[in-house]
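Subject: Structure for you to look at

Hello,

Here is the structure I said I would pass on. My notes on it follow below.

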Amino acid sequence: LSRLTQVARAYAKGELTRRPPATPIREVQELAEALTTMAEAIHRHIDDLTTERNQATAILESMAEGVIAVDQQGRILLMNPASEALLGVGARETIGRSLLETVRQHDIQGLVRGLLQDHRRRTQDIAFFHPAERILRVHGVPCERCGPTGPCAVLVIQDVTEHRRYEQLRKEFV
């Protein structure tokens with residue numbers, strides 16, 4: 001039993017490859033086999049979660065649209081490279097910091113606050129003047145269980161500056 005306890009403690013520390021010793025007592029052997037089965041199942045789940053996380057990361061990093069996830073307090077949980085380029089900030093300096101402090105755009109802060117209060121999708125075009133003058137369309141979606149401390153919001157950001165410019169040219173032509 002003490003050897004099984006040692007193996008169980010090793011499993012708790014993440015050492016899932018360790019195996020309990022064989023024993024002639026049938027009940028203890030069944031417990032050892034159950035522990036081994038549990039460790040194998042946990043190992044498979046960890047591998048599956050790691051694969052899913054890697055796929056999600058690859059998708060986010062390859063997107064042309066910016067994606068930002070913020071928690072209930074407005075702190076940045078995730079920011080992909082496209083949003084860094086659109087907003088002119090770096091991810092290393094933003095994760096865990098306030099969105100308002102990082103982006104310094106009150107319209108985005110109001111959008112996030114509204115998302116977290118009424119839990120409904122919102123879309124808003126916002127004019128940015130830094131790092132360059134542009135118009136960004138921000139789609140906000142509330143997410144109930146994506147943050148570590150409760151609900152959060154996910155923002156998808158598209159640069160619609162050229163679209164607006166072409167639209168204005170078309171109107172002037174007509």
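This is a predicted model: local features need pLDDT of at least 70, side-chain atom pairs count only at pLDDT 80 or more; totals for chains, interfaces and linings use all residues.

Is Ile 46 buried or partly exposed? With a relative accessibility of 41%, Ile 46 falls in the partly exposed class. The residue sits in helix H2, which covers residues 26-62.

Mean pLDDT over the chain is 88, with 97% of the residues at 70 or more. By element, the highest mean belongs to H2, at 93, and the lowest to H4, at 84.

Nonpolar cores

The largest nonpolar core has 21 residues, and those touching the most other members are Ile 68, Leu 87, Leu 99, Ile 108, Val 112 and Leu 155. Elements giving two or more residues to this core include strands E1 (66-70) and E2 (76-79), helices H3 (81-87) and H4 (99-103), and strands E4 (134-147) and E5 (150-159). Helix H5 supplies the largest share, five residues. A separate core of eight residues lies apart from this one, and its members include Leu 4, Val 7, Tyr 11 and Ala 39.

H5 is 13 residues long and spans 18 Å between its first and last C-alpha, close to the expected 18 Å. Its buried residues are Ile 108, Gln 109, Leu 111, Val 112, Gly 114, Leu 115 and Leu 116. His 119 comes just after the helix, in the loop between H5 and E3. Its phi is positive, about 55°, although the residue is not a glycine. His 119 is partly exposed, because its relative accessible area is 36%.

Arg 104, in the loop between H4 and H5, is another non-glycine residue with a positive phi, near 55°. Its relative accessibility is 65%, so Arg 104 counts as exposed.

Another loop residue to look at is Ala 64, between H2 and E1. Ala 64 has a relative accessible area of 67% and is therefore exposed.

Salt bridges

There are eleven salt bridges in the structure. One of them joins Asp 125 and Arg 164, with an N to O distance of 2.4 Å. Asp 125 belongs to strand E3 and Arg 164 to helix H6 (residues 161-173), so this pair ties together parts 39 residues apart in sequence. Both ends are partly exposed: Asp 125 at 28% relative accessibility and Arg 164 at 31%.

Asp 159 and Arg 134 form another salt bridge, at 3.7 Å from N to O. This pair links strand E5, which holds Asp 159, to strand E4, which holds Arg 134, across 25 residues of sequence. Here the ends fall into separate classes: Asp 159 is partly exposed at 39%, while Arg 134 is buried at 18%.

Arg 26 and Glu 27 also form a salt bridge, and their closest N and O atoms are 3.2 Å apart. Arg 26 is exposed, with 56% relative accessible area, and Glu 27 is partly exposed, with 48%. These two residues and Glu 30 are linked in a salt-bridge network.

Regards

How values were computed:
Residues are numbered from 1 along each chain as its sequence is written. Side-chain values use heavy atoms; hydrogens and water are left out. Helices (H or I, at least four residues) and strands (E, at least two) are DSSP runs, numbered from the N terminus. Buried means under 20% relative accessible area, exposed over 50%, partly exposed in between (1.4 Å probe, protein chains only). A nonpolar core is a set of buried Ala, Val, Leu, Ile, Met, Phe, Trp, Tyr and Cys residues joined through side-chain atoms within 4.5 Å. The expected span of a helix is 1.5 Å times one less than its number of residues. pLDDT is the predictor's confidence in each residue, from 0 to 100. A salt bridge is a side-chain nitrogen of Lys or Arg within 4 Å of a carboxyl oxygen of Asp or Glu.
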